[in-house]
Amino acid sequence: MKQIDETTHYDLLGVMPNAGLDEIHRAYTEVRAIYDTDSLCTYSLFSGPEREKITKRIQTAFQTLIDPFKRCEYDQFLMSAGRLTDTDREQEKQKSARPIFSETRSEWDRQKEKRIKEKLNNAEITTLKEKLNQQTSISGSQLRQLRGEAGVTLTEINELSKISIQILEAIEEDRKSNLPAPVYLKGFLKSYAECLCLDARTVVPAYLNHLEIGSP
Amino acid sequence: VGGGKGGIGKSLITANIATLLAQKGRQVILVDLDLGGSNLHTFIGLDNPGPGLADFLDKRVAKLQSVAVPTEVDGLTLVNSANCRVEAANLHTAQKEKIIRSVQSLTYDYVFMDLGAGTNFNLLDFFLASDQGLFVLTSEPTAIENAFTFIKAVYFRMIKRTLKQKKFNRMTRHMDLNANTLDQSFRILKAIRKQQPETADALQEKLEAFQFSFIVNKVHKHDDPYLGEKIEKVCNHHFYSRFKFLGNIRYDEKIHDAVLRRRLFVTRYAYTPVANDINQIVSCLEALNRREPLEKNNETD
């Protein structure tokens with residue numbers, strides 16, 4: 001048997017050193033299928049122990065490459081052996097696919113959030129915020145006032161909270177008929193209050209109280 | 001075209017590939033070395049082929065070239081073995097070497113040696129005498145199994161023949177060379193490397209120099225079309241020799257019809273999907289030979 005001890009994990013799975021996770025996953029599934037005991041193309045080529053050895057080797061390769069820490073360690077090992085160069089790896093970050101539904105926000109989103117929070121933590125409006133937090137009834141215009149004094153636009157709130165601008169306007173103008181059903185409205189209000197650095201636990205019931213919607 | 005199993009289309013594919021190459025203006029010769037089971041002449045529609053390999057072996061003629069008979073295709077000649085004795089399959093070593101020497105001295109663009117089924121020494125040595133070993137398999141497990149048996153047989157024959165040479169004799173005398181798993185071939189090489197690294201390198205080089213190419217024949221509609229690619233990948237991973245998958249040939253009733261009529265498939269059904277498959281394989285084969293210009297272009301069949 002050639003090389004099975006000598007091949008790199010990348011060669012074994014047939015992927016480039018800069019392959020992304022999904023690519024590695026796909027390659028692993030394919031290679032596993034090829035060396036499966038039922039596989040038409042290899043069942044008669046290998047003896048039992050040989051197959052076991054290869055399968056184990058593939059498992060190790062996969063488990064190393066999908067773990068970022070182990071992979072980094074392995075890359076270091078390959079580089080010290082002169083079998084991998086920095087340029088091979090460099091493209092790694094560019095090439096790896098960006099997940100569609102990322103739990104962590106992108107860098108751009110984080111920076112914007114930071115900017116808005118800075119505006120709202122301005123000392124001049126802290127008193128207004130505290131006042132709103134303690135009220136039992138808050139009108140939309142009061143929310144708008146806070147937003148205006150902080151210098152935050154509706155578009156920024158929309159980008160941060162993903163609430164549509166029409167709904168945000170309806171909230172600020174107390175247009176009860178244009179607001180969504182209470183169960184959704186509560187969610188929107190919570191996000192909006194958080195965007196404005198308010199305490200959602202008191203502000204949401206206070207606003208609903210003001211519009212006389214449901215029971216807090 | 002070797003390939004352990006019988007009835008997988010070795011001779012048929014040989015005849016048709018050779019015809020297409022001849023039609024492209026190449027000088028092609030077919031040598032029927034399926035001794036004791038020869039029927040290549042029937043595939044290309046020669047009922048009474050006249051002189052053959054038997055005359056050469058029995059020293060009635062001096063040169064292999066003089067028993068080559070022309071066929072209905074321009075540029076394609078055939079050395080048939082229809083008139084060999086019934087026990088022709090059991091060639092003597094001297095006769096075998098005579099054939100190999102004369103085949104290697106033929107001056108044609110392409111020389112195809114059509115081999116029989118099985119893995120006997122004569123057959124393996126003919127296969128190894130070629131510049132490129134072509135083998136055929138089908139997508140049935142039996143054929144794949146025999147194809148691997150065949151590859152391993154060729155591979156171990158290569159190892160053994162190299163190690164049987166005098167300079168290695170002392171070292172390998174105590175070694176168990178009767179291997180049948182790939183693991184063992186690796187172990188042998190490792191053992192040699194420990195004693196004489198340069199010898200191991202030489203052996204490895206020799207193994208690496210040999211080019212296998214293969215065709216998957218009789219591919220049915222519902223078969224895995226990527227079987228060939230997978231086998232190519234696996235073999236290149238686990239053998240030192242190089243493997244090249246040339247292409248699939250799909251299953252077609254018309255092939256049976258062409259054989260029944262004793263006519264060449266690619267001339268009788270030139271514009272069918274199967275003929276197209278064979279055509280693509282021929283281009284693949286030509287590309288493979290262009291890439292590595294060889295002194296002689298012997299193909300084993």
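**Confidence in the model**

- Chain B has an average pLDDT of 83, and 91% of its residues score at least 70.
- Over residues 293-298 of chain B, pLDDT stays under 50, although the model has 16 contacts for this stretch beyond four places in sequence.
- Where pLDDT is low, the predicted coordinates should not be read in detail.

**Make-up of chain A**

- The secondary structure of chain A amounts to 13 helices and 0 strands, so that the pattern read along its sequence is α-α-α-α-α-α-α-α-α-α-α-α-α.
- Of the 216 residues in chain A, 39% are buried.
- When contacts in chain A between residues at least 6 apart in sequence are considered, 61% of them join residues at least 24 apart.

**Salt bridges**

- Over all chains, a search of the whole structure finds 19 salt bridges.
- Side chains of opposite charge can pair when their charged atoms come close.
- One of the salt bridges joins Arg144(A) to Glu172(A), with the closest N and O atoms 2.8 Å apart. This pair links distant parts of the chain, since Arg144(A) lies in helix 9 (residues 140-150) of chain A and Glu172(A) in helix 11 (residues 165-172) of chain A, 28 residues apart.
- The two partners are described by their accessibility: Arg144(A) counts as partly exposed because its relative accessibility is 32%, whereas Glu172(A) counts as buried because its relative accessibility is 3%.
- Arg144(A) and Glu172(A) also belong to a network of salt bridges that links them with Arg147(A), Glu173(A) and Arg175(A).
- Elsewhere in chain A, the side chains of Asp199(A) and Arg201(A) meet in a salt bridge with an N to O distance of 3.3 Å.
- In chain B, Arg60(B) and Asp55(B) form a salt bridge through their side chains, at 2.9 Å from N to O. Arg60(B) is exposed, with a relative accessible area of 56%, whereas Asp55(B) is buried, with a relative accessible area of 13%.

**The largest pocket**

- The largest pocket has a volume of about 400 Å³. Its lining is made up of 20 residues, of which Gly7(B), Gly9(B), Leu12(B), Lys218(B) and Ile255(B) are the closest to its centre.
- Three elements of chain B, namely helix 1 (10-23), strand 6 (211-219) and helix 11 (253-260), each supply at least two residues of this lining, and the largest share, 4 residues, comes from helix 11 of chain B.
- By class, the lining of the largest pocket divides into 8 nonpolar, 7 polar and 5 charged residues.

**Cavities**

- The structure holds 3 cavities of 30 Å³ or more, and the largest cavity has a volume of about 70 Å³.
- The largest cavity is lined by residues of both chains: Leu12(A), Val31(A), Ile34(A) and Tyr35(A), together with Lys233(B), Val234(B) and His237(B).
- Helix 2 (21-34) of chain A and helix 10 (227-238) of chain B are the elements that give two or more residues to this lining, and helix 10 of chain B gives the most, with 3 residues.
- The lining of the largest cavity has 5 nonpolar, 1 polar and 1 charged residues.

**Positive phi angles in chain B**

- Most residues other than glycine have a negative phi.
- Lys59(B), which is not a glycine, has a positive phi near 60°. Lys59(B) is found in the loop between helix 3 (53-57) and strand 2 (69-70) of chain B, and at 68% relative accessibility this residue counts as exposed.
- Arg262(B), likewise not a glycine, has a positive phi of about 55°. The place of Arg262(B) is in the loop between helix 11 and helix 12 (265-268) of chain B, and this residue is partly exposed, with a relative accessible area of 40%.

Definitions and conventions: Residues numbered from 1 in each chain as written. Chains lettered and ligands numbered in written order. Predicted model: local features only at pLDDT ≥ 70, side-chain atom pairs only at ≥ 80, totals over all residues. Heavy atoms only, no water. 1 Å grid on protein atoms, 1.4 Å probe; cavity = no way out; pocket = protein on both sides within 12 Å on 5 of 7 lines; lining within 4 Å. Points joined across faces, edges and corners; volume = space filled by probe spheres on them. Nonpolar A, V, L, I, M, F, W, Y, C, P; charged D, E, K, R; others polar. Salt bridge = Lys/Arg side-chain N within 4 Å of Asp/Glu carboxyl O. Buried < 20%, exposed > 50% of the residue type's maximum accessible area, 1.4 Å probe, protein only. pLDDT = per-residue confidence, 0-100. Contact = heavy atoms within 4.5 Å.
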